[in-house]
Amino acid sequence: MNTTFFHIPLSRRKLLHSLLLTTGGVLTSDLYAEALTLTPRATEGPYYPDHLPLDQDNDLTQITGGKAPAGGIVTEFGGRLLNADGKPLSNHVIELWQADVNGCYIHSRGVQKGKERDPQFQGYGKIETNAKGEYRFRTIKPGLYTGRTIHWHIAVKQGDKRFLTTQLFIAGVPQNDRDGILRGMGSEAQRLSVIREFKPRSAESQELVGTWDIVLGMTPEEPEQRRGGPGGPGGPPPRRRDSAAVSDQDIKDVLFGPAPF
Ligand SMILES: [Fe+2]
């Protein structure tokens with residue numbers, strides 16, 4: 001391991017105090033290489049609900065007062081919301097919106113040609129992460145619609161700040177390989193982080209279950225990033241000022257820059 005021990009003037013120690021607390025007094029470039037892979041951004045797409053449903057809970061398969069469960073294969077997924085250092089992030093709202101079994105969204109323009117919206121499907125849900133950063137959704141496997149592979153839309157926010165807009169995919173779906181949005185999502189490691197295995201709950205069950213940890217950079221998202229602008233597919237890279245973006249040069253600047261006195 002590349003290890004650097006500090007021998008620095010007292011005033012510089014003040015500058016580095018918080019940094020040292022997080023590294024146990026030892027800084028290594030390897031430590032930063034071990035930061036978690038940030039979940040990549042993806043375009044919000046055209047179908048974020050323009051009218052939110054009355055029922056917005058994290059079970060999209062059943063609308064309160066509905067006559068029947070939603071059509072489609074019931075699918076559950078959950079995991080933790082983390083920062084790049086692996087610290088759980090509580091009290092963040094995770095939103096989910098997706099196509100129903102017929103490939104239609106709860107959006108005024110979200111009904112695909114020749115299809116009907118499933119009136120029993122909630123279409124949108126949300127949940128606040130708990131003290132351990134955990135979240136969970138019960139929903140259906142999204143329907144396929146022209147030009148895309150199967151996907152869930154996800155956003156993470158706290159108050160009025162949205163930190164991330166992304167999409168989640170199911171491993172083994174043939175259309176994944178030629179989905180332009182998936183192919184444009186960050187590095188290979190980032191793309192792999194949003195393609196998850198879903199397995200039957202049991203030998204007797206048709207329900208699918210998967211896990212997915214979301215790793216958040218700490219810079220709130222710019223509105224254009226939701227629409228495929230900077231940081232979105234085909235756009236320039238996002239401005240990265242989150243914890244995973246600390247470079248060796250940043251460390252040298254702190255250590256060897258002009259003394260403050
Ligand atoms: Fe979509």
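Valine 93 has lysine 157 as its bridge partner in β5. The model is predicted. β2 and β5 pair in the antiparallel sense, over five bridges. An iron ion has four protein donors: Tyr105 (OH), Tyr145 (OH), His151 (NE2) and His153 (NE2).

**Sheet**

- The sheet is open and has five strands.
- Its strand order is β3-β2-β5-β6-β7, and the pairing is mixed.
- β3 and β7 (195-196) are the edge strands, each pairing on one side only.
- The pairing of β2 with β5 is antiparallel.

**Iron site**

- The donor atoms of Tyr105, Tyr145, His151 and His153 lie 1.9 to 2.3 Å from the iron ion.
- Along the sequence, the spacing of the donor residues is Y-x39-Y-x5-H-x1-H.
- Tyrosine 105 sits in the loop between β2 (93-97) and β3 (124-128), while histidine 153 belongs to strand β5 (residues 152-158), so this pair ties together parts that are 48 residues apart in sequence.
- Why is the arrangement of the four donor atoms irregular? The angles they subtend around the iron ion run from 93 to 162°.
- For four tetrahedral donors, the ideal angle at a metal is 109.5 degrees.
- Is tyrosine 105 buried or exposed? Tyrosine 105 counts as buried, because its relative accessibility is 1%, and the cut-off for buried is under 20%.
- Histidine 153 counts as buried too, at 3% relative accessibility.

**Arginine 41**

- Arginine 41 lies in the loop between α2 (29-33) and β1 (74-83).
- Its relative accessible area is 15%, so arginine 41 is buried.
- The arginine 41 side chain reaches the backbone oxygen of phenylalanine 163 at 3.0 Å.
- That side chain also makes a polar contact, at 3.1 Å, with the side chain of glutamate 221.

**Aspartate 179**

- Aspartate 179 is placed in the loop between β6 (161-170) and α3 (180-183).
- With 1% relative accessibility, aspartate 179 counts as buried.
- Leaving aside residues up to four places away in sequence, aspartate 179 touches Gly147, Arg148, Thr149 and Phe169.

Terms used. Residues numbered from 1 in each chain as written. Predicted model: local features only at pLDDT ≥ 70, side-chain atom pairs only at ≥ 80, totals over all residues. Heavy atoms only, no water. Donors = N, O, S within 2.8 Å, 3.2 Å for Na, K, Ca; no water. Tetrahedral: all angles 85-135°; square planar, octahedral: opposite > 155°, others 65-115°. Helix = DSSP H or I, 4+ residues; strand = E, 2+ residues; numbered from the N terminus. Buried < 20%, exposed > 50% of the residue type's maximum accessible area, 1.4 Å probe, protein only. Pairing = 2+ DSSP bridges. Polar contact = N/O pair within 3.5 Å; in protein donor to acceptor, adjacent residues only side chain to side chain. Contact = heavy atoms within 4.5 Å.
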